[in-house]
Amino acid sequence: MVEKASSDAYWKANVRIILISLVIWFLCSFGMGIIWRPALMGISVGGADLGFWMAQNGSIYVFIILIFVYTKMMNKLDRDHGVEE
Amino acid sequence: MDQFVLNLIFVGITFAIYIGIAFWARAGTTSEFYAAGQGVHPVLNGMATGADWMSAASFISMAGIIALSPAGGYTQSAFLMGWTGGYVLLALLLAPYLRKFGKFTVPEFIGDRFYSGGARLLAVVCLIIISITYVIGQMRGVGVTFSRFLEVSTDMGLYIGAAIVFVYAVFGGMKGITYTQVAQYVVLIIAYTVPAIFISLNLTGDLLPQIGLVGSYAPSGGDISLLAKLDQVVTELGFTAYTADTSNRLNMFLFTMSLMIGTAGLPHVIIRFFTVPKVADARSSAGWALVFIALLYTVAPAVGSMARLNLTTTMWPAALTATATSGDAISRADIDSKPELSWIRTWENTGLLAMEDKNGDGLIQYYNDKAPADSPIMKMAAEKGWKGNELTKIDNDIMVLANPEIAALPGWVIALVAAGALAAALSTAAGLLLAISSAISHDLIKGSIKPDITEKGELTAARVSMTFAIVVATWLGLNPPGFAAQVVALAFGLAAATIFPALMMGIFWKRINKQGAIAGMLVGLVFTAVYIFVYKGWFFIPGTNNLPDTAANYVFGISPLSIGAVGALLNFVVAYLVSSVTAEPPQHVQDLVESIRIPKGAGSASAH
């Protein structure tokens with residue numbers, strides 16, 4: 001059984017990683033792709049504006065990177081707290 | 001070689017592969033039937049999840065929805081972000097914890113976490129409504145693809161598809177389905193990307209369609225970008241620009257959110273993460289699933305924009321190098337005689353494409369006859385005596401299915417698309433049928449009706465319920481309710497408003513209790529269903545809607561398709577308030593929450 005204090009610290013660190021990831025998730029899709037598209041109109045990506053590109057392609061690339069970085073950070077956190085399988 | 005023979009060969013070979021895999025991967029235990037014995041490598045599981053998730057809608061319809069959207073292609077980005085971003089929520093908020101929980105079904109988690117048979121039953125009801133509505137579309141997709149490519153009736157196609165699914169899903173269970181889906185993924189992704197690469201090379205000179213989307217338009221010498229060219233020709237014809245901004249940002253936001261939360265709450269997607277060996281694998285498997293899904297989803301907007309441009313330059317040949325109306329529209333005589341336009345006649349025969357020479361000038365004018373009267377195109381129409389848009393019907397599905405023909409690609413590419421469309425529809429149907437059968441045999445029969453059933457008995461029950469689910473799905477595919485398109489909104493809305501919030505709070509908030517969860521799910525369910533029924537008709541019966549289904553009548557402009565996100569929010573609020581004023585959950589439930597938060601000691605899933 002894992003110590004109570006250690007498991008609380010593990011969970012806190014876990015929630016922090018999740019929150020940071022969700023902020024990035026929100027900014028790159030809802031933020032740049034929808035809410036701030038008009039403001040980003042001036043920045044062009046090839047034949048499109050940045051907001052359009054983020055909504056149709058860019059956000060998806062960010063999602064993939066986000067999940068793998070999260071997995072890597074969590075695996076490290078598991079080892080640091082001795083809770084890995 | 002004859003196109004029909006080619007199609008037959010491609011479809012025949014892929015079907016033989018699926019059956020062969022099913023025979024090799026038969027399920028012998030309930031653990032293999034429900035969760036493939038937890039022995040699936042995360043990369044393979046990611047591939048299978050990709051095939052499971054990408055349905056007939058993703059493969060056949062999505063690019064066309066983007067291409068032909070009256071409000072412009074950008075507004076439909078909600079599908080692209082929504083149907084991929086949900087995997088971030090799955091990886092971060094649900095998959096690892098549900099894998100640690102180590103049981104077989106979503107209702108089982110809800111029943112244990114909220115120590116209530118009623119909550120489990122409510123989850124079973126939501127699961128069955130969501131999965132059945134979904135499976136209808138898959139069975140239709142199988143029938144339509146068969147009838148178009150293999151010259152059998154839609155009904156016959158449906159029977160053949162159902163028989164194939166029966167063989168590998170009933171005998172193989174999750175194990176057979178998973179390995180078959182890996183093969184189906186390979187078939188469908190090749191079928192989707194090969195035509196896209198050809199078309200991208202044709203239009204932009206870029207090998208990768210993702211680069212082509214933001215590349216320059218080759219036929220005009222490359223001095224204008226593909227998207228600028230597309231915007232130019234469609235606006236000239238009176239349509240909304242492809243890249244035009246949305247007119248309702250709030251609705252686009254909520255629609256994207258509903259699709260994301262709905263994706264993360266779909267039971268047939270969630271159960272995929274029960275099949276991997278470890279908690280860490282559940283995290284990375286979600287990432288791999290998204291990699292494989294992204295291969296199609298990042299190509300889809302390129303397919304959509306390029307198909308729309310190809311269609312427009314086919315209808316207005318002068319648009320290739322100059323403005324559309326600088327030359328004549330395509331003539332009926334050309335369509336009837338030129339071999340490179342034979343695809344138009346083929347698709348006219350299926351009824352998915354229709355033309356009518358309203359003013360009898362022998363030309364087919366394609367333009368937006370609902371454009372403002374003072375727009376250049378309407379003035380030109382009045383001047384030249386056009387009597388309205390003469391491309392009277394163009395179905396969304398054509399944009400992918402006819403894409404290789406529009407771009408004059410070789411016959412084997414067309415055969416490949418047929419095999420790919422079938423793979424997409426069959427793999428999703430199998431995943432949904434498994435979710436339905438495990439809810440019936442594991443949650444209803446073992447969970448409440450006959451808890452002392454033996455392992456062997458439960459396996460038989462699972463196979464019988466799977467057979468029953470296939471029969472129901474086939475019957476619904478043969479007699480589709482007229483509202484098949486609308487019920488998908490209900491499926492996503494319910495998944496978002498009921499299952500996702502209950503699972504998430506069950507993991508992240510120890511204090512949520514039985515009363516809070518049930519109240520939250522009920523409020524989410526009723527609110528979402530009622531909002532949809534008010535505009536779409538009560539239980540989708542035509543004519544029973546209280547308000548017309550138009551943007552002007554929506555509350556704050558929120559369409560019934562987008563309401564799931566609001567339903568989810570209400571679920572969270574109600575569950576919080578009700579839990580706060582009622583007793584905290586018993587100690588063993590709080591211990592359960594502690595235990596699922598820590599990866600250590602997951603082991604293999606158990607039936608108890």
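**Entry 1. Terms and model**

I count two residues as in contact if their C-beta atoms, placed from the backbone, lie within 7 Å. I note that this is a predicted model, in which local features need pLDDT of at least 70 and side-chain atom pairs count only at pLDDT 80 or more, while totals for chains, interfaces and linings use all residues. Residues are numbered from 1 along each chain as its sequence is written, and chains are lettered from A and ligands numbered from 1 in the order in which they are written.

**Entry 2. Domains of chain B**

I looked up the division of chain B and found domain 1 (3-233 + 245-294 + 408-482) and domain 2 (307-398); such bounds come from an automatic or database domain assignment. The centres of the two domains, taken over C-alpha atoms, are separated by 35 Å. I then looked up their contact: 15 residues of domain 1 of chain B are in contact with 14 residues of domain 2 of chain B. On the side of domain 1 that touches domain 2, helix H4 (56-68) and H10 of chain B are the elements that give two or more residues. Helices (H or I, at least four residues) and strands (E, at least two) are DSSP runs, numbered from the N terminus. H4(B) has the largest share of this side, with seven residues. By class, I noted ten nonpolar, three polar and two charged residues on this side. Here Ala, Val, Leu, Ile, Met, Phe, Trp, Tyr, Cys and Pro count as nonpolar, Asp, Glu, Lys and Arg as charged, and the others, Gly among them, as polar.

**Entry 3. Helix H10 of chain B**

A residue is buried if 20 or more other C-beta atoms lie within 10 Å of its own, exposed if 12 or fewer, and partly exposed in between, with C-beta atoms placed from the backbone. The buried residues of H10(B) are B:Leu226, B:Leu227, B:Lys229, B:Leu230, B:Asp231, B:Val233, B:Val234 and B:Glu236. Their cover includes strand E2 (48-49) of chain A, together with H8, H9, helix H14 (300-315) and H17 of chain B. Just after H10(B), I noted a positive phi of about 90 degrees at B:Gly238.

**Entry 4. Contact of the two chains**

I looked up the contact that takes 43 residues from chain B and 39 residues from chain A. On the side of chain B that touches chain A, helices H5 (77-101), H9 (209-213), H10 (226-236), H11 (249-264) and H13 (279-297) of chain B each supply at least two residues. H13(B) gives the most to this side, with ten residues. I recorded 25 nonpolar, twelve polar and six charged residues on this side of chain B.

**Entry 5. Nonpolar core**

A nonpolar core is a set of buried Ala, Val, Leu, Ile, Met, Phe, Trp, Tyr and Cys residues joined through C-beta atoms within 7 Å. The largest has 231 residues, and B:Leu188 and B:Leu433 have the most contacts inside it. Helix H20 (residues 411-449) of chain B gives the most to this core, with 21 residues. Domain 1 and domain 2 of chain B both give residues to this core, so it lies between them. I also looked up B:Leu433, whose contacts beyond four places in sequence are B:Val135, B:Val165, B:Ala169, B:Met466, B:Ala469, B:Ile470 and B:Ala473.

**Entry 6. Crossing of H7 and H21**

The axes of helix H7 (residues 117-149) and helix H21 (residues 455-478) of chain B come within 8 Å and cross at roughly 65 degrees. Axes are lines fitted to C-alpha atoms, for helices over the stretch in contact, and angles run from 0 to 180 degrees between N-to-C directions. I noted five nonpolar, three polar and one charged residue in the contact of H7(B) with H21(B).

**Entry 7. Two loop residues**

Most residues other than glycine have a negative phi. I found that B:Gln38, which is not a glycine, has a positive phi of about 50 degrees. B:Gln38 lies in the loop between helix H2 (30-35) and helix H3 (42-53) of chain B. Is B:Gln38 buried or exposed? B:Gln38 is buried, because 21 other C-beta atoms lie within 10 Å. B:Tyr115 also has a positive phi, near 35 degrees; its place is in the loop between helix H6 (106-113) and H7 of chain B. With 16 other C-beta atoms within 10 Å, B:Tyr115 is partly exposed.
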